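Subject: Structure handover

Hello,

Please find the structure below, followed by notes on what was found in it.

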Amino acid sequence: YLLTLGKSRGLAIFNSEGRLVGGLRMKVSRRKLWLAGILVDPSMRGKGMFPALLLGAWRLALSAGRPLTLSVFAPAHPASKRVVEKYLHGKTRIETGSPEYAATLALLEEEVKALESKGIKYEFALDSSLLG
């Protein structure tokens, strides 16, 4: 689900009981979507929440219907650096429509689909009107 958090936006994951268990904070402008931070409930780690949240952000950027730059705020934590290497090909900025964007989207969709084969399913509900 896409949430408004003051000047920021957030993608959220709720469990089947309606409890917030993960989220990705971002800032959205007409030309950019900045990924600012991610939080996953410790009891839910290792269940593929990060790829699902990142896939949600990638789909949100694509739904804008215009070129966007996806940027990651300076990743300092070792886990964040691994994410940038694995999913963003070592870059902190990727343009929608670029080969890197397409490769990341395909990788994320593949990972989320693999989770479904393990019984872990994420449903997406995005509201592109919040992109401005």
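This is a predicted model: local features need pLDDT of at least 70, side-chain atom pairs count only at pLDDT 80 or more; totals for chains, interfaces and linings use all residues.

I start with a residue that takes part in a salt bridge.

Other salt bridges

How many salt bridges does the structure hold? There are four. Besides the one above, Asp41 forms a salt bridge with Arg19, with 2.9 Å between the closest N and O atoms. This pair links distant parts of the chain: Asp41 sits in the loop between β4 and α1, Arg19 sits in the loop between β2 and β3, and the two are 22 residues apart. Arg19 is partly exposed, with a relative accessible area of 40%.

Glu116 and Lys121 form another salt bridge, where the closest N and O atoms are 3.8 Å apart. Glu116 is partly exposed at 38% relative accessibility. Lys121 has a relative accessible area of 54%, so it counts as exposed, the cut-off being over 50%.

The strands

β2 and β3 run antiparallel and are joined by six bridges. Within this pairing, Gly10 stands opposite Arg25 in β3. The two strands form a hairpin with five residues between them, and Gly18 in the turn has a positive phi of about 85°.

β3 also pairs with β4, again in the antiparallel sense, over seven bridges. Here Gly22 is the residue opposite Val40 in β4. The hairpin that joins β3 to β4 passes through three residues.

In soluble globular proteins, nonpolar side chains tend to be buried together. The largest nonpolar core in this model has 34 residues, and those with the most contacts inside it are Met26, Leu33, Leu35 and Trp58. Two or more residues each come from β2 (8-14), β3 (20-28), β4 (32-40), α1 (49-63), β5 (69-72), α2 (78-88) and α3 (99-117). Which element gives the largest share of this core? That is α1, with ten residues.

Leaving out residues up to four places away in sequence, Leu35 touches Leu24, Arg25, Met26, Leu54, Ala57, Trp58, Ser71, Val72 and Phe73. Among these, Met26 and Trp58 are listed with Leu35 for the most contacts inside the core. Arg25 is the residue that Gly10 faces across the strands.

Helix α3 and the segment after it

Glu111 is in helix α3. Its side chain makes a polar contact of 2.7 Å with the side chain of Tyr87. Apart from neighbours within four places in sequence, Glu111 is in contact with Pro51, Lys86 and Tyr87.

Glu123 lies in the segment after α3. Is Glu123 buried or exposed? With a relative accessible area of 70%, Glu123 is exposed. Glu123 and Phe14 are 109 residues apart in sequence, while their C-alpha atoms are 9.9 Å apart in space.

Regards

Terms used
Residues are numbered from 1 along each chain as its sequence is written. Side-chain values use heavy atoms; hydrogens and water are left out. A nonpolar core is a set of buried Ala, Val, Leu, Ile, Met, Phe, Trp, Tyr and Cys residues joined through side-chain atoms within 4.5 Å. Buried means under 20% relative accessible area, exposed over 50%, partly exposed in between (1.4 Å probe, protein chains only). Helices (H or I, at least four residues) and strands (E, at least two) are DSSP runs, numbered from the N terminus. Contact means heavy atoms within 4.5 Å. Two strands pair if DSSP finds at least two bridges between them. A polar contact is a pair of N or O atoms within 3.5 Å; within protein, one must be able to donate a hydrogen and the other to accept it, and residues adjacent in sequence count only if both atoms are side-chain atoms. A salt bridge is a side-chain nitrogen of Lys or Arg within 4 Å of a carboxyl oxygen of Asp or Glu.
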